[in-house]
Structures are given as structure tokens and as C-alpha cells.
Amino acid sequence: MRMVVLGCATLLAGCSVNIGNETPPPASAPRAAGVEAPQERLPTDVRRATIIVRDMEKSLRLYRDVIGLEVNYDTTVTTSGVALPAGEPGATARLVLLNANDPWVGWIGLMEWTSPPIPADDYPKRMGPGDVVLVLNTDDVEGRCAAAKDVPGVTFTAEPRLQVYPGRDGGAEIRVMGCNFFDPDGILIELNQILD
């Protein structure tokens with residue numbers, strides 16, 4: 001069973017909700033060329049994606065040690081099996097939240113059912129409807145892609161290479177160096193570095 005949970009479930013600690021006109025702290029990452037802040041605040045922020053994992057330590061080796069995200073929350077939770085339809089009611093799971101540069105959005109959650117564990121079949125090596133691609137921008141794509149190869153369970157689909165995309169609204173082309181690989185649970189990651 002493979003599942004990615006977007007957003008937050010209020011029964012899990014470490015999750016907050018932006019209500020009304022509250023403004024989150026400003027993002028520290030620069031905006032992409034041609035992407036302007038909305039004139040009026042939109043009603044929704046994409047806070048995090050939570051990945052249900054087979055082996056927390058293996059996943060942390062990739063997301064924390066190789067990709068460079070920072071652990072900001074690590075706890076054990078009891079799950080209902082209802083709001084988040086995974087595991088058995090009353091089961092326990094380890095929930096780890098990691099952030100990049102922004103303290104408010106763009107987090108990755110990792111969740112491993114520990115008692116009892118969720119049985120896991122092998123995951124597919126091809127993408128299809130309902131699958132997810134995590135696109136992560138980094139400071140050293142070639143070095144981090146090379147390090148990802150040493151993580152057990154990582155399967156590469158593309159080595160680092162230059163990708164060129166048309167610019168927005170007739171602007172300059174967008175040049176990205178990137179690699180692609182499945183993480184130890186079958187989530188496809190595009191790890192890239194914007195060159196311009």
C-alpha cells in the first residue's frame with residue numbers, strides 16, 4: 001500500500017491551520033521568474049506532504065542526510081484508522097516532520113506504522129494516475145544525486161542532466177539541472193537545481 005497525505009489532519013500533532021486573514025511568516029526562497037505573489041491572499045497554503053514509509057531510518061537517511069531537510073518534529077502518535085484511513089484503529093505510528101528553508105510551507109512528513117506495522121508490497125517502477133512526483137530544489141544537485149545512490153532502496157530513473165523549459169509569458173528559458181529517482185517507498189523525486 002502506498003499513500004501520500006497532502007495537507008494536515010488535525011488529529012496529528014505538529015500541524016497548524018491558517019484561518020481567516022492570518023499571514024504566515026514570509027517565505028525565504030526567491031520567487032521564480034514570472035511568478036508573482038497574488039494581488040489578494042489566496043484561501044489555501046500547501047503546508048506539507050506526508051509519506052507513509054516502510055522504514056523510518058532508511059527514509060531519514062534520504063530526506064534528512066542526503067537531501068538536507070531538517071527534522072523539526074519527531075513523535076509517536078496513536079491513530080484512529082478513520083480520519084487517516086491507514087493502519088488499524090488504535091495503532092501507533094512514528095511521525096517525523098521535516099522542513100526546508102520556509103518555516104511555514106513546503107514540509108515533508110514521514111509516517112511509519114510501528115505497532116502493528118502496515119504490510120507493504122513492492123512498489124511499481126512506472127508512474128500512473130494517482131501517483132505523486134516530489135520536485136525538490138537543492139544547492140548541489142550533482143553531489144546530492146550521487147549521495148542518493150548510496151541509500152538502500154533508492155532506484156534511479158534519470159541521471160543528472162540539463163533540462164530546458166520555455167519561459168513564462170515569452171520570458172527567458174528556464175534551465176534546470178536535475179536527476180530523478182524513486183525513494184525507498186516508491187515516491188518519485190525530481191531533485192533539481194535552477195541554474196538561472
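Let me start with what I'll call a polar contact: a pair of N or O atoms within 3.5 Å, where, inside protein, one has to be able to donate a hydrogen and the other to accept it. And keep in mind that this is a predicted model.

So, first stop, D185. You'll find D185 in the loop between β8, residues 174-182, and β9, residues 188-194. Buried or exposed, this D185? Its relative accessibility is 3%, and because buried means under 20%, D185 counts as buried. What does its side chain meet there? A polar atom of the D185 side chain lies 2.8 Å from the backbone nitrogen of R54.

Now over to another aspartate, D102, which sits in the loop between β4 and β5. D102 comes out at 10% relative accessibility, so this one counts as buried too. Its side chain reaches the backbone nitrogen of W104 at 2.7 Å, and a polar atom of that side chain lies 3.2 Å from the backbone nitrogen of V105.

That loop between β4 (92-99) and β5 (107-115) also holds A100. With 40% relative accessibility, A100 counts as partly exposed.

While we're looking at W104, check out R47. R47 lies over the face of W104, at 4.4 Å from the ring centre. R47 also lies over the face of W107, there at 5.2 Å from the ring centre.

Next, helix α2, residues 141-148. Which of its residues are buried? V141, C145 and A148. Looking down the α2 axis, those buried residues fall within an arc of 60 degrees, so they line one face of the helix. That goes with a general point: an α-helix has 3.6 residues a turn, so residues three or four places apart point the same way. And what do the buried residues of α2 pack against? They pack against α1 (56-66), β7 (155-165), β8 and β9.

Last one, strand β6, residues 133-137. L134 and L136 make up its covered face, while V133, V135 and N137 are on the uncovered one. In a regular strand the side chains alternate between the two faces of the sheet. β6 pairs with β9 in the parallel sense, over five bridges, and L136 stands opposite L191 in β9.

That's my tour, happy to zoom in on anything.

How values were computed
Residues are numbered from 1 along each chain as its sequence is written. This is a predicted model: local features need pLDDT of at least 70, side-chain atom pairs count only at pLDDT 80 or more; totals for chains, interfaces and linings use all residues. Side-chain values use heavy atoms; hydrogens and water are left out. A charge sits over a ring if NZ of Lys or CZ of Arg is within 6 Å of the ring centre and within 35 degrees of the ring normal. Helices (H or I, at least four residues) and strands (E, at least two) are DSSP runs, numbered from the N terminus. Buried means under 20% relative accessible area, exposed over 50%, partly exposed in between (1.4 Å probe, protein chains only). The arc is that of the directions from the helix axis to the C-beta atoms. Contact means heavy atoms within 4.5 Å. Two strands pair if DSSP finds at least two bridges between them.
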